Amino acid sequence: MSPIVKDDRVLEFTCIICPMGCRLRATLKDGKVCSVEGNRCPRGIVYAQNEVEPKRILISVVKVIGGNLPVVSVKTSEPMPKEMMPEAMKILSNVTVQAPVKIGQIIIKDFLGLKINVIATRNVDPVQPS
Ligand code: SF4
């Protein structure tokens, strides 16, 4: 649900995390949430922050050298700012890893300085000699 802009510093919207449907009032400073009112639990604060500064888990693939598959699926360990997705996809398109790749393996540490990692979400075995 899109927030209702009350003024430059206050947004109001409904938390949809649970059926309580709390009416949240988020106060912003420099584009960031500095306080939330109306939430009955802490999840409402996180919801408000994600509404103001949308974050998503990035899911993509990176190239693999010497593997039984040409690419390995990857994802970020935590949600990242949605606005950084195009830059992130561009970086990942230039990343290559060497087989074997193990599920959960860190492909990129501290991705874009966000203190989150890009991790493999499947195994890629080395090509077996014929
Ligand atoms: S703030 Fe908490 S109680 Fe209220 S709707 Fe969100 S999750 Fe439910």
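A residue is buried if 20 or more other C-beta atoms lie within 10 Å of its own, exposed if 12 or fewer, and partly exposed in between, with C-beta atoms placed from the backbone. Strands (E, at least two residues) and helices (H or I, at least four) are DSSP runs, numbered from the N terminus.

This is a predicted model, in which local features need pLDDT of at least 70, side-chain atom pairs count only at pLDDT 80 or more, and totals for chains, interfaces and linings use all residues. Residues are numbered from 1 along each chain as its sequence is written.

Now the whole chain. It has two helices and eleven strands. Along the sequence they follow the pattern β-β-β-β-α-β-β-β-β-α-β-β-β. The chain is divided into domain 1 (4-53) and domain 2 (59-120). These bounds come from an automatic or database domain assignment. The domain centres, taken over C-alpha atoms, are 31 Å apart. The C-alpha atoms fill a box of roughly 65 × 30 × 20 Å along the principal axes. The radius of gyration is 20 Å, whereas a compact globule of 130 residues would have one near 14 Å. That radius is taken over C-alpha atoms, and the globule rule is 2.2 Å times the number of residues to the power 0.38. Buried residues make up 18% of the 130 residues.

Return to S2 (residues 10-14). Five bridges join S2 to strand S3 (residues 23-29), and the two run antiparallel. Two strands pair if DSSP finds at least two bridges between them. Phe13 stands opposite Leu24 in S3. Thr14 stands opposite Arg23, also in S3. S3 is in turn joined by five bridges to strand S4 (residues 32-37), again antiparallel. Here Thr27 has Ser35 of S4 as its bridge partner. S3 and S4 form a hairpin with two residues between them. In the turn, Asp30 has a positive phi of about 55 degrees.

Next comes the ligand. The residues around the ligand include Cys15, Cys18, Cys22 and Cys41. Ile17, Met20, Gly21, Asn39, Arg40, Arg43, Gly44 and Tyr47 are also among them. A residue is near a molecule if its C-beta atom, placed from the backbone, lies within 6 Å of it. By class, this shell has seven nonpolar, three polar and two charged residues. Ala, Val, Leu, Ile, Met, Phe, Trp, Tyr, Cys and Pro count as nonpolar, Asp, Glu, Lys and Arg as charged, and the others, Gly among them, as polar.

Further along lies an open sheet. Five strands form it in the order S9-S6-S7-S11-S10, with mixed pairing. S9 (96-98) and S10 (106-108) stand at the edges, each with a single partner strand, so one side of each is left without a neighbour in the sheet. Three bridges join S6 (residues 59-65) to S9, and these two run parallel. Val64 stands opposite Val97 in S9.

The loops hold some backbone details. Pro100 is in the loop between S9 and S10. A cis peptide bond joins Ala99 and Pro100, with omega about 0 degrees. Leu112 lies in the loop between S10 and strand S11 (118-120). Leu112 has a positive phi of about 55 degrees although it is not a glycine. With 16 C-beta neighbours inside 10 Å, Leu112 counts as partly exposed. Lys115 is also found in the loop between S10 and S11. Phi of Lys115 is positive, near 60 degrees. Lys115 is exposed, with 10 other C-beta atoms within 10 Å.
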